[in-house]
Amino acid sequence: MTVFHCARCGTELTPDLRELPGVPDVSVHDKDRDRETGLAPSTVPRGGYAIDPEPWGAPFVAVPPGATHEPGGRALLMPPAMTGMVSAGPRNSVVVHPEDVPGLRLAHSSLGVHAGCCGPLGTGGRNMACVCGVLVGTLAADCMGPYELHLDPLRVHAHTPAGLGNFAVASRVAEDD
């Protein structure tokens, strides 16, 4: 089990979470959406986390000429000026269920064109703040994209119970950054 903390102030951000073997596939079926909010089901179930080895979130770059890009079910809805762009964001972000991090607050002032009709698109970079004010994660919660929270691997650290290797989890989270 692992608990994630703010790297700046040490605030505990999550309860004990268990690591999943990979980022689960996202349901793209309308029948799976929440009837009240229209949100897709969370990518990660409550009580779990996954390390996303792929680039995710801001910054974004144009798809290189000749390259094909199949966004899949976790593709973010892009603002019009960002159509045709792909993520060049951090690798190894920690994907958690948004409700497993109740102490974070959405930084509304950081959304701008990155706010969808139902919530943040997740395209504007970190938009979730710790109680100390540091932006530690990016919430994607618009009805047209995935419902997930990515904790920034440089702004959070992992803690596992004594004897299980805190350094191993923390270094894997920050790997390649």
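Guide: Let us begin with an idea that we need for strands: two strands count as paired if DSSP finds at least two bridges between them. Please keep in mind that this is a predicted model.

Visitor: How many bridges join strand S8 to S9?
Guide: Two bridges join strand S8, residues 128–129, to S9, and these strands run antiparallel. Ala 129 is the residue standing opposite Leu 135 of S9.

Visitor: What do S8 and S9 form, and how many residues lie between them?
Guide: S8 and S9 make a hairpin, with five residues between them. Look in the turn for Gly 133, whose phi is positive, about 100 degrees.

Visitor: Which way do S9 and S10 run?
Guide: Strand S9 (residues 135–140) and strand S10 (residues 148–151) run antiparallel, joined by four bridges.

Visitor: Why is S9 largely enclosed by the rest of the structure?
Guide: Because five of its six residues are buried. As for the side chains, here is the general idea: in a regular strand they alternate between the two faces of the sheet.

Visitor: What is the order of the strands in the open sheet?
Guide: The seven strands are arranged as S2-S3-S6-S10-S9-S8-S7, and their pairing is mixed. Strand S2 (18–19) and strand S7 (105–106) stand at the edges; each has a single partner strand, so one side of each has no neighbour in the sheet.

Visitor: Now the cysteines. How many disulfides does the count give?
Guide: In general, a disulfide is a covalent bond between the sulfur atoms of two cysteines. To call one here, we ask for two cysteine sulfur atoms within 2.5 Å. By this rule the count is zero. Cys 6 is in no disulfide, as its nearest cysteine sulfur belongs to Cys 130 and is 3.8 Å away. Cys 9 is in no disulfide either; the nearest cysteine sulfur, also that of Cys 130, lies 3.6 Å away.

Visitor: Is Cys 6 buried or exposed?
Guide: To decide, we use relative accessible area: under 20% is buried, over 50% is exposed, and values in between are partly exposed. Cys 6 has 0%, so it is buried. Cys 9, with 38%, is partly exposed.

Visitor: Where is Phe 60 found, and which residues does Phe 60 touch?
Guide: Phe 60 is in strand S4, residues 60–62. Leaving out residues up to four places away in sequence, its contacts include Leu 76, Met 78, Met 82 and Thr 123. Val 86 is another of these contacts. Phe 60 and Val 86 are 26 residues apart in sequence, but 5.3 Å apart in space, C-alpha to C-alpha. With 14% relative accessibility, Phe 60 counts as buried.

Visitor: Which residues does a cis peptide bond join?
Guide: Ala 58 and Pro 59, with omega at about 0 degrees. Pro 59 sits in the loop between strand S3 (48–52) and S4.

Visitor: What is the phi of Asn 92?
Guide: Phi is near 65 degrees there, a positive value in a residue other than glycine. Asn 92 lies in the loop between strand S5 (85–87) and strand S6 (93–96). Its relative accessible area is 6%, so Asn 92 is buried.

Conventions. Residues numbered from 1 in each chain as written. Predicted model: local features only at pLDDT ≥ 70, side-chain atom pairs only at ≥ 80, totals over all residues. Heavy atoms only, no water. Buried < 20%, exposed > 50% of the residue type's maximum accessible area, 1.4 Å probe, protein only. Contact = heavy atoms within 4.5 Å.
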